[in-house]
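Hi there,

Here is the structure I promised to pass on. Have a look, and then read on for what turned up in it.

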Amino acid sequence: MTRHETLTPAQELHANVSVPFGAARAMPKSVYTSPEFLAQEMRQIFAADWLCAGRADALPNPGDYLTMQIAGEPIIVLRDRDGVLRAMSNVCRHRMSTLLEGRGNARAIVCPYHAWTYNLDGTLRGAPAMALNEGFCKSDVRLPQVRCEEWLGWIMVTLNPDAPSPAERLQGVEALVGKFHMENYIEAFREEFRWATNWKVLAENFMESYHLPVCHADTIGHTVDLLKMTCPEGDPAFNYHFIIKNDALDLTLAHPTNTTLQGDDRRTTWLISIYPSLLITLSPGYFWYLCLTPDGPGHVNVLFGGGLAPEFGADPKAEEHFARLKTLLDEVNIEDKGCVEKVYRGICSAMGAPGHLSHLERPNFEFAQYLASRIAPESAQAAP
């Protein structure tokens, strides 16, 4: 590279992960702030990997649906009349209006523009005033189908027809926490919000618990001992760490009626980051999760959900347990929002520079390695 050239964000990222973890620094500022790098992420990560639409029990009945965006593509996820989870394009095959919004239940999918109507399997049921068009054949029209699979209670969706199944790709997750039977946890809330930070800043915030005693001093920080925290090497598809909790918060411990978990498993909280953007906190008493969708370099749309382990859900005081859980998680979210928005403001500053990582930030380095594995370095760009 000559002195008249500068590294692209992708090249900076590859240089960043080319060193051993012991010498690693936080990711370069450009990978958070560059619109061009975000466009690469959309094409090479979000359009290629499995993304989470939330919990399968959010769609219990035929006709229940939710909508999402995958790399800018509007998608419907629904339960069809046979009880099967499906995903399909949320764009009408006529004049390309989007079809459904938000969440709800529908007997059929009706276009709000010209009332073309689709069955729950995506086939066209009816198209008003089309009989005089000789080239139109109703049976030829169907909403494009998108791969959708249920995995341990999660709805996983991808635009990539060649992506390995979640069960294959994430078998390491099941090996780690299968004994918790995550598929049986009961979702009690599902919310969406938008924060003023880059999606990777929020992902990295979840991936490390180094910040807990400080950022969460008023909520969960006292339940954590950094000296007892373990951050093992992760997997190409996910990273994780776990915390052995004290008795300060009973909901982080196994319910007395849980006879499956033994020993430290009864007080261990797992933090699992499934690439690129599903972040799960799983404890013996409850779970919560974030699903992240970039909204430009400086904003992220967040799906936030969670609920109780089945034993706490069946407890006569379940309503009280959930109220305590939701209050706690809302307070933790407020604290996290302040932290991650401050980080992004610092990243955008002229004098900010990435520093060395703690041993407790191994998952962050592995996340950077994942990003680099998906985004190839391009040729250097001429300096302005």
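Which residues in the largest nonpolar core touch the most other members? They are L13, V77, I155, V157, L292 and F367, in a core of 72 residues. A nonpolar core here is a set of buried Ala, Val, Leu, Ile, Met, Phe, Trp, Tyr and Cys residues joined through side-chain atoms within 4.5 Å, and buried means under 20% relative accessible area (1.4 Å probe, protein chains only). With 7 residues, helix 9 (residues 318-347) gives the most to this core; helices are DSSP runs of H or I, at least four residues, numbered from the N terminus. Because domain 1 (10-49 + 165-374) and domain 2 (59-151) both contribute residues, the core lies between them. The domain bounds come from an automatic or database assignment.

A word on the source: this is a predicted model, in which local features need pLDDT of at least 70 and side-chain atom pairs count only at pLDDT 80 or more, while totals for chains, interfaces and linings use all residues. Residues are numbered from 1 along each chain as its sequence is written, and side-chain values use heavy atoms, leaving out hydrogens and water.

Leaving aside neighbours within four places in sequence, L13 is in contact (heavy atoms within 4.5 Å) with M27, P28, V31, F37, A368, L371 and A372.

E41, in helix 3 (residues 35-46), is buried, with a relative accessible area of 0%. Not counting residues up to four places away in sequence, E41 touches V31, F46, W199, K200, L371 and I375.

Finally, W199, K200, A203, E204 and M207 in helix 6 meet P363, N364, F367 and L371 in helix 10.

Best wishes

Key:
Buried means under 20% relative accessible area, exposed over 50%, partly exposed in between (1.4 Å probe, protein chains only). Helices (H or I, at least four residues) and strands (E, at least two) are DSSP runs, numbered from the N terminus.
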